[in-house]
Structures are given as structure tokens and as C-alpha cells.
Amino acid sequence: MLYKADTLVTEFKGRKVLNLTDFVIERKQIYALIGANGAGKTTLLNILAFLVQPTSGNLQFCGRDVSCRRKDLLDLRRRVVLVDQYPILFTGSVWKNVEFGLKVRGISKKQRERRADEVLELVGMQEFRSADAHKLSGGESKRVAMARALAIAPEVLLCDEPTANVDEENQKIILDILERINRENQTSIVMSTHYLSQIRRLAHHTLMLEHGMLVNAYRSSPL
Amino acid sequence: MKICMNALLGAFLLMVTFAGYGWSEDKVLKMSTTTSTQSSGLLDILLPEFKKDSGIRIKVIAKGTGAAIRDGKDGNVDVIFVHAKDRETAFVADGFGTARFPVMHNDFVLLGPTGDPAGIKGKKDVAMALGKIAKAKEMFISRGDDSGTHTKEQALWAASGVDLTEVSQTIVKKGKESKVTLKRPADSDTWYVSIGQGMGKVITYADEKQAYTLADRGTYIKYKFGRNPAIELDVLSEGDVSLANPYGIIPVNPKKHPHVQYEMAMEFVDWITGERGQKLIADYRLEGKQLFYPDSK
Amino acid sequence: MDIFLDSLESAFLLLLACDPELMDIVAVSLKVSTISTLIASLVGIPCGFLIAYSSFYGKRLLLTCLNTLLALPTVVIGLLVYSFISRRGLFGSLELLYTQKAIIIGQVILIIPLVTSLTIAAVSRIDKRYRNTALTLGATQIQMALVIIKEARYGIGAAVIASFGRVIAEVGISMMLGGNARGFTRTMTTAMALEYDKGEFVLAVALGLTLMTIAFGINMLFHFFQGRAGIDAL
């Protein structure tokens with residue numbers, strides 16, 4: 001079991017935005033998170049990325065309670081990565097962005113170069129290597145953000161609407177990448193989405209949120 | 001919006017006008033003087049008495065002598081009351097003032113730390129004393145602000161036989177190039193400190209640094225006996241003829257500046273050089289010590 | 001108007017001749033202001049960052065205090081520092097009064113609130129997602145801070161420039177703590193005050209024009225370094 005939560009409550013300005021009971025996520029699977037806007041999908045992804053602390057309740061990761069000590073949080077965060085719906089790229093070149101996660105882990109320059117080139121190729125952005133990150137289109141930014149996340153070879157990839165605001169061509173590229181890293185690297189993936197076609201194509205599990213509560217969970221077999 | 005702005009502006013102008021009426025009710029004479037005159041406290045005795053006798057209120061603008069004379073030249077004031085005799089004479093000769101009337105005098109004193117590292121204590125000959133300070137390279141604080149005291153100090157250095165150097169800057173005045181020149185002892189960068197501030201500030205500075213300086217007696221007495229904690233500086237040289245510090249009063253010439261209040265200025269001149277003013281000056285005591293000696297016959 | 005034209009010509013004349021007196025004054029001003037700004041930035045930028053990125057009890061009060069300190073008159077700081085470093089003060093034995101160090105102490109106190117509050121403003125403007133992105137990619141708190149500071153660099157740069165402008169233009173602290181000693185602590189502003197006291201308006205205004213030229217030059221330099229990215233950010 002990757003994540004396990006029981007009576008996990010998150011409040012924002014006194015309002016319950018998330019209230020989970022019996023919540024489980026298994027390893028090496030692709031989970032689709034569905035629900036109306038404001039159902040709590042983004043909050044849940046932030047909690048799973050250890051960026052937001054739940055107000056109360058207990059969350060387990062790999063069978064151990066998630067502590068909120070700063071040092072432990074850093075170690076936990078380094079095993080998962082979240083790609084935002086509208087990802088932020090840092091000022092600088094595409095390459096600088098992609099190597100960020102490796103640099104903060106103190107990986108040598110030579111290895112960073114190799115790894116960054118690998119993932120840029122994976123997302124098909126190698127010719128943008130030295131382009132200014134802030135000059136890319138929405139779809140290109142999303143692919144760079146994906147490469148940046150994949151560079152650190154995470155155990156868990158969390159994606160907030162990976163294909164929102166992306167043209168069809170880029171949508172296909174992104175979905176292919178997700179499928180591939182799940183198959184080849186056994187990376188666990190949790191993604192929120194509005195598209196049934198994506199769920200049918202990728203998801204092993206579908207979780208449905210409504211008003212912060214898990215109302216439905218079912219297994220499916222990807223095509 | 002525009003109407004609103006106009007109304008506001010109108011109201012503001014109205015206020016200024018009324019306020020102006022309020023001020024012009026009494027007769028006001030503008031006088032520029034030196035900081036040392038004002039800080040001696042003498043004016044606080046003289047001016048209320050003059051107001052009682054004549055109904056004229058005097059607005060005092062206290063600056064360094066250079067600036068005080070400048071105010072007279074520009075017609076910013078009606079009368080000047082300063083202590084730099086040569087420059088006062090020039091002021092009258094250039095037609096800016098009608099005449100110089102001697103009012104009173106006091107004297108300058110050479111101050112230094114009690115330890116007296118230059119060994120000038122009791123030397124009446126101030127030129128010689130300055131020579132010893134220069135030779136010992138003991139720190140000396142100079143007004144350096146073109147004031148009466150600074151003018152006097154430069155003259156004393158000239159008389160001391162110490163090599164002097166001239167610092168001059170070329171500037172443009174009335175479209176013509178002119179030079180601003182200051183004299184200071186030669187090769188004195190390490191010990192001669194020119195701070196360009198008023199007398200009180202120079203005395204505090206010298207006290208902080210335990211250095212020598214030239215001061216007028218009035219300000220010295222104030223800082224030595226009228227202040228707690230008192231400065232730790234002593235009079236080391238005094239009484240030399242060259243240390244005399246005469247004060248003169250000069251009405252600004254109405255031929256140069258027709259708007260000046262010459263009549264009122266003369267009224268004040270007559271009063272201060274007359275029996276009443278002169279007696280008040282002679283009777284003035286600061287911390288129990290006489291400060292000024294009347295000069296008018 | 002005459003005074004202004006004369007001053008303009010005088011300023012040119014003095015600058016062209018590299019008048020040693022003027023050069024010395026300008027050098028002292030630049031040296032003191034630069035060191036003050038540097039020290040205040042080293043303290044104020046991390047402080048501003050910490051305040052902006054942490055939530056604690058009394059944060060609003062602290063911000064109000066900081067904003068009040070922005071209005072602190074130089075004379076008050078001058079008096080305060082004076083009372084400590086005067087010969088009779090607590091640190092009198094250090095003989096700091098009337099030295100460039102004394103001016104720097106006062107000026108640093110003057111602009112730390114300015115650097116801090118402008119840094120807070122600059123950092124707060126940076127999208128919160130930069131913070132989360134850095135953290136999810138595995139950055140430590142310090143690495144995350146460096147990312148934010150890099151993203152906020154124009155705002156922080158502007159804070160530093162504004163602080164420099166404040167100290168190079170202030171006269172109260174330089175006069176009270178520096179003492180306007182020729183060749184030691186005479187700065188452009190104290191020299192101006194002196195020339196005004198002497199009635200040498202032409203020289204005073206000429207110095208003022210020099211000061212403005214320097215300020216203009218520094219701002220140009222800043223804009224040059226900001227480059228195209230800076231214009232985009234506007």
C-alpha cells in the first residue's frame with residue numbers, strides 16, 4: 001500500500017474541503033481522480049505531495065505515519081512529485097528548469113546533463129534545451145514541467161489535470177509519456193481529469209470526489 | 001471633479017490670505033544675525049524690551065556670518081547684526097547697507113583639553129599659541145563655514161607665521177567665473193579638521209575629540225557653565241588684542257532694495273545704540289558672567 | 001533663475017576640472033552610502049524573506065511597526081546613535097563619533113526597515129506556486145528561498161536602489177554623526193548644507209546637481225542590468 005488515510009480532514013478558513021475515510025492507493029497503478037470543480041481534487045493532490053498538512057486525521061505513506069517534522073517532510077517530498085495544472089517554470093532556460101530537482105539533491109553536473117537530456121528527449125523537447133522557459137507555449141510548458149518532474153525519477157507522480165489547456169497533439173504526447181513511465185518504470189501515478197477517454201485509456205482505478213468526500217471508487221482495465 | 005479641485009484651491013488661497021492678515025497686524029522687522037549672537041541669549045532679553053518700547057516685533061534669522069550678510073545683500077532682511085568688521089565695511093562700501101553702527105564687543109578664546117598636549121596654557125600671544133599647536137600637530141577644529149569666527153581664525157593663522165595653503169574652487173556667479181577661497185595651515189590634513197558648522201557644534205566636536213578650537217566667549221560660557229554635563233575644555237589663551245570681537249548693526253540700503261523697512265530698521269539701530277539698549281547689554285549676565293561690553297558712545 | 005544657470009555652469013566647471021575638493025566629497029558620499037546599503041541589504045533581505053514567508057503571532061503588528069519606522073526622521077536616529085557613541089556614551093571608548101563608521105551605523109539603522117519592507121512586498125508578489133514547485137522538486141527551505149529571491153530579484157533590486165537613494169540623499173545622520181569634517185566625513189549633502197549656511201548658493205546647487213547626476217547614473221545602470229526581462233516584468 002502506497003497511501004492510506006483514515007478520517008483525514010482538511011479545513012480551509014473554517015470550511016471542510018476534504019473529508020476522507022477509507023482511502024487507499026496501491027503501488028505501481030494509475031489512479032484517475034474525478035469530480036466537479038471544487039470537489040477537493042487539487043487539495044488531495046497537495047496532501048499526497050506533502051505540501052499541505054491535513055487539519056486532522058492520519059495519513060500513512062508506505063506503511064508509515066507521515067510526520068510533520070521538517071527533516072522528515074523533505075525526505076518524503078523527495079520521493080513524490082506534483083505537476084500543477086498550470087505549471088510554473090522558473091526564470092532561466094528550459095535546461096535549468098529540468099535540472100533543478102537534480103541540483104537540489106546534489107547530483108553532479110555530468111549526471112545532471114545526461115539525465116536532463118534523457119527526459120527532454122522523452123517529452124520531445126530536446127531542441128528547446130536552451131530556450132527561455134518563459135517564452136514557451138502552454139503545451140510546451142507542460143511538457144517541460146513533466147520532464148522536470150520525471151528527471152528525479154519519482155516513486156509517485158501526481159498530476160493535476162495533465163491535459164488541461166493543452167492542444168490535441170500535446171495531449172497525446174503527455175498521455176503517452178504517462179503510460180510509458182508507468183509501464184517501464186513502475187511509477188505510481190495519481191492524476192485528476194475530466195476526460196472519460198483518458199480514464200478508459202490509462203486508469204487502473206477511478207476515485208470520485210464530491211464535496212470533499214470519496215463517493216465512489218472502482219477498478220477498471222486500461223485499454 | 002474639476003469644480004471640486006477649484007473649490008479646494010480657492011479655500012486654500014483664502015486661508016493663506018487670512019492667515020497673512022493675521023500676521024501683518026503687528027509691525028515686524030526682519031533681522032539676520034549670527035548663530036553665536038542668538039545662542040548667547042542676549043537677543044531674548046533685548047527683543048522683548050524693544051517690543052515693549054516700540055511695538056515692533058523682530059523676526060530673527062540666525063545663520064553663519066556669510067549667510068547672514070548674504071541675506072542682507074539679497075534684500076531678504078531689513079537689518080543685519082553680525083561680527084566680521086572687514087566684511088561689514090565692505091557691505092556698506094558696496095552700497096548694500098547704509099552705515100555700520102558699532103553696538104558692542106566681546107572676545108574670542110582659544111579652547112583646549114585640560115591636559116593641554118601642545119603646552120599653550122597661559123600664553124596670551126594667541127599667534128604663538130596657534131604656532132605651537134601646528135608644530136605639535138595637535139587636533140584643531142575649525143568652523144570652516146565662512147563665519148565671523150572662521151574669518152577671525154584665518155586672520156589669526158595668517159599672523160601666527162604658520163605656512164598656509166589656499167583651497168579654492170572656481171564657480172560661476174552672475175555669468176562670470178569667480179573663486180571661493182579658504183585658507184588653512186599647510187600640510188595639516190591629519191590634525192586640522194574643518195567641519196563647517198555652528199559654534200555650538202564646533203565646541204561639542206572639540207570636546208568629543210578633546211581637541212583645540214577657537215570660540216567666542218559667550219558660547220563657551222554657555223557650554224561650560226550652562227550645561228550638564230559640562231564640556232571638558234578650558235580657556236587656554238585669552239586677552240590678546242587680536243581676539244577682540246566687535247559686533248555691528250547695519251540697515252539694508254533702501255536704494256538697493258526699495259521694499260526694506262528702513263524707517264523701522266533705524267528705529268531699532270537708534271534704540272540698541274542708545275542709552276536703553278546699551279545698558280541692557282552691559283547688564284546682561286550669562287551664568288553670572290558679563291558677556292558683552294557696550295561700544296556706542 | 002540666475003542662481004540656477006550659474007550653478008549649472010559651476011557644476012560643469014567643477015566636474016570638468018575634477019575639482020579635488022568635489023571629488024573627495026563625492027568619493028566619501030559614494031563609499032559611505034555603498035557600504036551602508038550593502039550591510040542593510042545583507043540584513044534586510046533575509047529578514048524580509050523570513051517575515052514574508054512565515055506566519056506568526058503579531059506579524060501584522062510587526063508590519064505596522066516596520067511601516068512606521070519608514071517614517072523615522074534621520075534626526076531621531078542621529079540622536080539615538082549619538083547618545084551611544086558619544087565620548088560620555090556607552091560605547092564612547094570606541095571613538096566612533098565623527099567618523100565614517102558612525103555615519104554607516106546610523107544609515108544602516110535608517111534603511112534596514114526600508115530594505116525589509118520592500119523585500120516583503122517584492123517577495124509577496126511572487127506567485128505562491130513557485131514555492132510549492134521548488135518544494136515538490138525536493139528543495140530544502142534554503143534552496144526554496146533562493147528560488148524565490150531569484151524570481152523576486154527585480155523587486156529586491158529596486159529595494160536596494162531605493163535604499164541607496166535614501167542614504168545618499170539624507171543629511172541628518174551624516175551631519176550629526178559624521179560632523180561634516182572636511183576630507184573625512186564631508187558628504188555631498190552636508191557640503192550642500194554648509195554652502196547654504198555660508199550663503200554660497202551657487203556652490204550648494206552645483207553640488208545638488210552633481211548628486212542628481214550620480215543618482216541618475218545609478219538608476220540607468222540598474223535599468224541596464226535589468227535588461228529586457230525587467231521591461232517584460234513591467
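Biologist: Hi! Before I start clicking around, what kind of model is this?

Modeller: Welcome! This is a predicted model, so let's begin with the chains.

Biologist: Great. Which pair of chains shares the most contacts?

Modeller: That would be chains B and C, out of 2 pairs of chains in contact. On the chain B side 38 residues take part, and they meet 33 residues of chain C.

Biologist: How much area is buried there?

Modeller: About 3100 Å² is buried between chain B and chain C, with carbon and sulfur atoms giving 49% of that.

Biologist: Nice. What about chain A, how many of its residues are in contact with chain C?

Modeller: Chain A has 25 residues in contact with 20 residues of chain C. The area buried between these two chains is about 1900 Å², and carbon and sulfur atoms give 57% of it. The salt bridge count between chain A and chain C is 0.

Biologist: How far apart are chain A and chain B?

Modeller: Those two do not touch, and their nearest C-alpha atoms are 41 Å apart.

Biologist: Changing topic: in chain A, how do helices α3 and α4 cross?

Modeller: Helix α3 covers residues 94–103 of chain A and helix α4 covers residues 109–122 of chain A. Their axes come within 9 Å and cross at roughly 120 degrees, which makes α3(A) oblique to α4(A). The crossing of α3(A) and α4(A) is right-handed.

Biologist: Which residues make that contact?

Modeller: From α3(A), they include A:V94, A:W95 and A:L102, and from α4(A), A:R112, A:A116 and A:L120 are among them. By class, the residues of this contact divide into 7 nonpolar, no polar and 7 charged.

Biologist: Then there's α5. At what angle do α4(A) and α5 of chain A pack?

Modeller: Helix α5, residues 138–151 of chain A, packs with α4(A) at an angle of about 135 degrees, and their axes are 9 Å apart. The two are therefore oblique to each other. Their crossing is right-handed. The contact is made by A:R115, A:V119, A:L120 and A:L122 of α4(A) with A:A147, A:L150 and A:A151 of α5(A). Those residues divide into 6 nonpolar, no polar and 1 charged.

Biologist: And the remaining pairing, how do α3(A) and α5(A) cross?

Modeller: At roughly 30 degrees, with axes that come within 7 Å. They are therefore roughly parallel to each other. α3(A) passes α5(A) in a right-handed crossing. Here A:V94, A:N97, A:V98 and A:L102 of α3(A) meet A:V144, A:A147, A:R148 and A:A151 of α5(A).

Biologist: What classes do those residues fall into?

Modeller: The contact of α3(A) with α5(A) has 6 nonpolar, 1 polar and 1 charged residues.

Biologist: Thanks, I'll go and look!

Terms used
Residues are numbered from 1 along each chain as its sequence is written. Chains are lettered from A and ligands numbered from 1 in the order in which they are written. This is a predicted model: local features need pLDDT of at least 70, side-chain atom pairs count only at pLDDT 80 or more; totals for chains, interfaces and linings use all residues. Side-chain values use heavy atoms; hydrogens and water are left out. Axes are lines fitted to C-alpha atoms, for helices over the stretch in contact, and angles run from 0 to 180 degrees between N-to-C directions. Helices (H or I, at least four residues) and strands (E, at least two) are DSSP runs, numbered from the N terminus. Angles under 35 degrees count as roughly parallel, over 145 as roughly antiparallel, 65 to 115 as roughly perpendicular and the rest as oblique. A crossing is left-handed if the near helix is turned anticlockwise from the far one by less than a right angle, and right-handed if clockwise. Contact means heavy atoms within 4.5 Å. Ala, Val, Leu, Ile, Met, Phe, Trp, Tyr, Cys and Pro count as nonpolar, Asp, Glu, Lys and Arg as charged, and the others, Gly among them, as polar. Buried area is the accessible area (1.4 Å probe) that two parts lose on being put together, summed over both. A salt bridge is a side-chain nitrogen of Lys or Arg within 4 Å of a carboxyl oxygen of Asp or Glu.
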